[in-house]
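Work through these exercises with the model open beside you. Try each task before you read its solution.

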Amino acid sequence: MFNQILEEIKKYNRILIHGHIRPDGDCYGSQFGLAAILKENFPEKEIHVVGDTSGFVSFLGIPEKETITDEMYKGALAIVVDTGSAERVSEPRYVMADKIIKIDHHIAQTQYGDIVYVEEEAPSCCQIVTKFAVESGLRLNYEAAFALYTGVVTDTGRFRFRGVDSETMMLAATLLSYGVDVEKLDNYLSVETMDVVKLKGYVLQNAVFTPDGVAYIKMTRDVISQYNVTDEEAASLVGLIGSIEGYPAYCLFMEYPNEIRIRIRSRGPRVDKLANRYGGGGHEKAAGAHLDSWDELDTFIKEFGELNRYYQETGKDDLF
Ligand code: AMP
């Protein structure tokens, strides 16, 4: 499969690399890391990183959008990274490309792309991109290694989440061998504003805990403006309620101007199928979905609680 992807890359002069909406470190890392690899190995090709921007990982670069014309997709190759379903691809014009390659690590409900490479067990898409480069004999450089290491580190929760294995460490070691400045990266990722620190206090004081072992927090527009944080900063705090004894099922409801998104996490039952019921998906222990209105919150929490209780009592997670 990697061979097939490499052969397609060789065929095209222009390659547009897409990611998902509301990009995170793994998405940016895969996009900018792959772009750096392709520029290093095929300097004659025109490579574009396309899609939404993220403040959190803006140190890796800024994707293009408005400067990309429809014309540019004609006869071009689109590579979509870190994106499970077609609806989540940032910048839908990728479909206008001559050929589409998908490289991802999400559990796919519906498939897209002419060539599809998915490793559901991989803890980050950056790990897959790194493996692709190594196994294809492509040269890496510092820029590629820094971007890819950023994605590996962020999507594994600093090497803590499921899926981290010896392959993760070996590929991370390869990236580090290019001299990645881990202290600089940690400064980018770990230093936060005083407003965010205060919002953390709010989250810990206002999280709701249900008898079924679910912890949740509501990030309403009021709270977000009161604490003067960005949407991205507010949404990022889901992990804060993730290590409380007795509450292995947790989530953050994020009220965006036009929708309510749920960031669902678990140390117990798998949650991707619950997410499917609410128009979303993702991984077994980390998924995203949405509510049509706050009226649906109680039903969602009830189902999440039932799922958790069923898992605690039976050890199974096939309720949905
Ligand atoms: P998030 O809470 O947004 O970080 O999402 C957790 C995981 O689920 C990430 O890997 C997302 O890419 C994925 N995800 C989030 N929302 C959706 C969705 N609506 N459909 C499919 N996957 C999603």
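**Exercise 1. Two positive phi values**

Decide whether Asp82 is buried or exposed, then place Asp82 in the chain and check its phi.

Solution.
- Step 1. Asp82 has a relative accessible area of 1% and is therefore buried. Buried means under 20% relative accessible area, exposed over 50%, and partly exposed in between, with a 1.4 Å probe and protein chains only.
- Step 2. Asp82 sits in the loop between β3 (77-81) and β4 (99-104). Helices (H or I, at least four residues) and strands (E, at least two) are DSSP runs, numbered from the N terminus.
- Step 3. The phi of Asp82 is near 55 degrees, a positive value in a residue other than glycine. Most residues other than glycine have a negative phi.
- Step 4. Now take Arg158, in the loop between α4 and α5 (166-176). Its phi is near 65 degrees, also positive in a residue other than glycine. Arg158 counts as partly exposed, at 38% relative accessibility.

The model is predicted: local features need pLDDT of at least 70, side-chain atom pairs count only at pLDDT 80 or more, and totals for chains, interfaces and linings use all residues. Residues are numbered from 1 along each chain as its sequence is written, and side-chain values use heavy atoms, with hydrogens and water left out.

**Exercise 2. The surroundings of Glu119**

Find which side chains make polar contacts with the side chain of Glu119.

Solution.
- Step 1. Locate Glu119 in the loop between β5 (115-118) and α3 (125-135).
- Step 2. Check its cover: Glu119 is buried, with a relative accessible area of 13%.
- Step 3. Its side chain makes a polar contact with the side chain of Tyr117 at 2.5 Å, and another with the side chain of Lys131 at 2.8 Å. A polar contact is a pair of N or O atoms within 3.5 Å; within protein, one must be able to donate a hydrogen and the other to accept it, and residues adjacent in sequence count only if both atoms are side-chain atoms.
- Step 4. Set aside neighbours within four places in sequence. Glu119 is then in contact with Asp104, His105, Ile128, Lys131 and Glu167. Contact means heavy atoms within 4.5 Å.

**Exercise 3. The nonpolar cores**

Which residues of the largest nonpolar core touch the most other members?

Solution.
- Step 1. Apply the definition: a nonpolar core is a set of buried Ala, Val, Leu, Ile, Met, Phe, Trp, Tyr and Cys residues joined through side-chain atoms within 4.5 Å.
- Step 2. The largest core has 48 residues, and Ile5, Ile9, Ile15, Leu38 and Ile79 touch the most other members. Helix α4 (residues 142-155) gives the most to this core, with eight residues.
- Step 3. A second, separate core has 21 residues, including Tyr202, Ile217, Ala235 and Leu237.
- Step 4. Return to Ile15. Beyond its neighbours within four places in sequence, its contacts include Ile9, Leu38, Leu77 and Ile79. Lys45, Glu46 and His48 are also among them.

**Exercise 4. Building the sheet around β8**

Trace how strand β8 (residues 249-255) is covered and which strands pair with it.

Solution.
- Step 1. Seven of the seven residues of β8 are buried. Ala249, Cys251, Phe253 and Glu255 point one way, while Tyr250, Leu252 and Met254 point the other.
- Step 2. β8 runs parallel to β7 (residues 214-219), joined by six bridges. Val214 has Ala249 as its bridge partner in β8. Two strands pair if DSSP finds at least two bridges between them.
- Step 3. β8 pairs antiparallel with β9 (residues 260-266) over seven bridges. The two form a hairpin with four residues between them. Phe253 has Ile262 as its bridge partner in β9.
- Step 4. Write out the order of the open six-stranded sheet: β6-β7-β8-β9-β11-β10, with mixed pairing. β6 (208-209) and β10 (281-282) stand at the edges with a single partner strand each, so one side of each has no neighbour in the sheet.
- Step 5. β10 is joined to β11 (residues 286-291) by two bridges, and these strands run antiparallel.

**Exercise 5. The ligand**

Which residues come nearest to the ligand?

Solution.
- Step 1. There are 13 residues around the ligand, and Arg88, His106, Arg261, Arg263 and Arg265 come nearest. A residue counts as near if one of its heavy atoms lies within 4 Å.
- Step 2. A polar backbone atom of Gly281 is 3.1 Å from a nitrogen atom of the ligand. For a backbone N or O atom of Gly282, the distance to a ligand nitrogen atom is 3.4 Å.
- Step 3. An N or O atom in the side chain of His283 is 3.1 Å from an oxygen atom of the ligand.
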